[in-house]
Amino acid sequence: MRRDYKVLIIASDGKLRNKLSVIMDFLGEPSQIAGYDDWSSSINEPDDYLCVILSTQTDSDTLLSTLNAITKLPTFVPLVLMGPDSDALNFDEAVAQHITARLTDLTYAPVSYTHLRAHETPEHL
């Protein structure tokens, strides 16, 4: 049986969760969106997750306790930290091993239809 791996996205800001959900749907990637207060109750099988994306826009205690809990899951789950301050954060070795990327520039700019058409190739048509 084929297993569908999901991306777990944890963010405290509802607008950010919504934007990330739209992006994941557009990419066709299965995802699960949760807040910091309810993410752990939404995990059924930890090995079903391809990675976890965490917004760093929460208080440091909440972020650290969430990171520690994720690193204690029975399977290794890569972490992506997302937020303007994610480069400035330092963690102990156990957490640092799981962090595979830090996304700091989260600016959104609209893209025109003409711009999208310019990137089309024959396989897109």
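Start by selecting T66, which you will find in helix 2, the stretch covering residues 60-71. Keep in mind as you go that this is a predicted model.

Is T66 buried or exposed? Its relative accessible area is 4%, so T66 counts as buried, the cut-off being under 20%.

The T66 side chain comes to 2.8 Å from the backbone oxygen of T62.

Which residues does T66 touch, leaving aside those up to four places away in sequence? Select I10, Y36, W39 and L54 to display these contacts.

Next, move to D47. This residue sits in the loop that links strand 2 (31-34) with strand 3 (49-55). Colour by accessibility here if you like: D47 has a relative accessibility of 30%, so it is classed as partly exposed.

Finally, zoom out and switch to a cartoon view. Four helices and five strands make up the secondary-structure elements of the chain.

A surface view goes well with the last stop. The chain exposes about 8,100 Å², with carbon and sulfur atoms supplying 54% of that area. Of the 125 residues, 31% are buried.

Methods:
Residues are numbered from 1 along each chain as its sequence is written. This is a predicted model: local features need pLDDT of at least 70, side-chain atom pairs count only at pLDDT 80 or more; totals for chains, interfaces and linings use all residues. Side-chain values use heavy atoms; hydrogens and water are left out. Helices (H or I, at least four residues) and strands (E, at least two) are DSSP runs, numbered from the N terminus. Buried means under 20% relative accessible area, exposed over 50%, partly exposed in between (1.4 Å probe, protein chains only). Accessible areas come from the Shrake-Rupley method with a 1.4 Å probe; for residues, only the protein chains shown count as cover. A polar contact is a pair of N or O atoms within 3.5 Å; within protein, one must be able to donate a hydrogen and the other to accept it, and residues adjacent in sequence count only if both atoms are side-chain atoms. Contact means heavy atoms within 4.5 Å.
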